[in-house]
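Dear colleague,

I am handing over the structure below, and after it you will find an account of what was found. Please read the account with the structure open beside it.

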Amino acid sequence: DAKTTQPNSMESNEEEPVHLPCNHSTISGTDYIHWYRQLPSQGPEYVIHGLTSNVNNRMASLAIAEDRKSSTLILHRATLRDAAVYYCILGYNQGGKLIFGQGTELSVKP
Amino acid sequence: EAGVTQFPSHSVIEKGQTVTLRCDPISGHDNLYWYRRVMGKEIKFLLHFVKESKQDESGMPNNRFLAERTGGTYSTLKVQPAELEDSGVYFCASSQDFARSQYFGPGTRLTVT
């Protein structure tokens, strides 16, 4: 299973942008890059995913390196409600199962 | 549209007893997944249904765990007999197809004493 590496924790100030990095040097050509997050006492929540090109949605942006060995999740303006554990996951060439790592615990200061 | 629901939200049982967890996926989602997080560990995949068929059950820890999805709608996960190490949070997720994003339920917290 292809692995991802993320910092254990990051801090941000409210209303400021946040860049959450993820390394995935063993990514295969068919692996999509997914980001999920888990708010306290809730199930994981889909954030965004991409294959090669940068992606934007209402929640966040995903910047993918040209060699696809790393990616960055960008929250444009962090709010207190964005405090969560963010997971960078490679899939779906494995039939759909998600392989969670430790994730990055993001704290947001007012 | 209702999200993924799980029942119960919390279950406390004694070692050796049986517990059945239920998951109702989003209507129309053929793919249903079970995951769990045991204390201090990462969220781990258990198994994947496509309609009523088990597509991948490589994550099931042992034969004390039995998952079913009769009729391709809701799913149950039975643990019999429960052991202390089964304590944790069990999540269910569903998706329209395996390449789409998964929607997770709130989880069932299982405590085995």
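To begin inside chain B, Cys23(B) and Cys92(B) are both buried, where buried means under 20% relative accessible area, exposed over 50% and partly exposed in between, with a 1.4 Å probe and protein chains only. Before going further, please note that this is a predicted model, in which local features need pLDDT of at least 70 and side-chain atom pairs count only at pLDDT 80 or more, while totals for chains, interfaces and linings use all residues. Residues are numbered from 1 along each chain as its sequence is written, chains are lettered from A and ligands numbered from 1 in the order in which they are written, and side-chain values use heavy atoms, with hydrogens and water left out.

A search of the whole structure finds two disulfides over all chains, and in chain A a disulfide joins Cys22(A) to Cys88(A), with an S to S distance of 2.1 Å. Its S-S torsion is about -80°, so the disulfide of Cys22(A) and Cys88(A) is left-handed. It links distant parts of the chain, since Cys22(A) lies in strand E2 (residues 18-23) of chain A and Cys88(A) in strand E8 (residues 84-91) of chain A, 66 residues apart. Cys22(A) is buried, with a relative accessible area of 1%, and Cys88(A) counts as buried at 0%.

Turning to the strands of chain B, five of the seven residues of strand E5 (residues 44-50) are buried, so E5(B) is largely enclosed by the rest of the structure. Strand E4 (residues 31-38) of chain B pairs with E5(B) in the antiparallel sense over six bridges, where two strands pair if DSSP finds at least two bridges between them. Leu32(B) stands opposite Phe49(B) in E5(B), and the hairpin of E4(B) and E5(B) has five residues between the strands, with Gly40(B) in the turn showing a positive phi of about 75°. E5(B) also runs antiparallel to strand E6 (residues 53-56) of chain B, to which three bridges join it, and Val50(B) has Ser53(B) in E6(B) as its bridge partner. E5(B) and E6(B) form a hairpin with two residues between them, and Lys51(B) in that turn has a positive phi of about 55°.

In chain A, five strands form an open sheet of mixed pairing in the order E1-E9-E8-E3-E4. Its edge strands are E1 (9-13) and E4 (45-50) of chain A, each of which pairs on one side only. Strand E3 (residues 32-38) of chain A pairs with E4(A) in the antiparallel sense over five bridges, and Arg37(A) stands opposite Glu45(A) in E4(A).

Finally, the contact between the chains (heavy atoms within 4.5 Å) takes 15 residues from chain A and 18 residues from chain B.

With best wishes

Notes
A disulfide is a pair of cysteine sulfur atoms within 2.5 Å. Helices (H or I, at least four residues) and strands (E, at least two) are DSSP runs, numbered from the N terminus.
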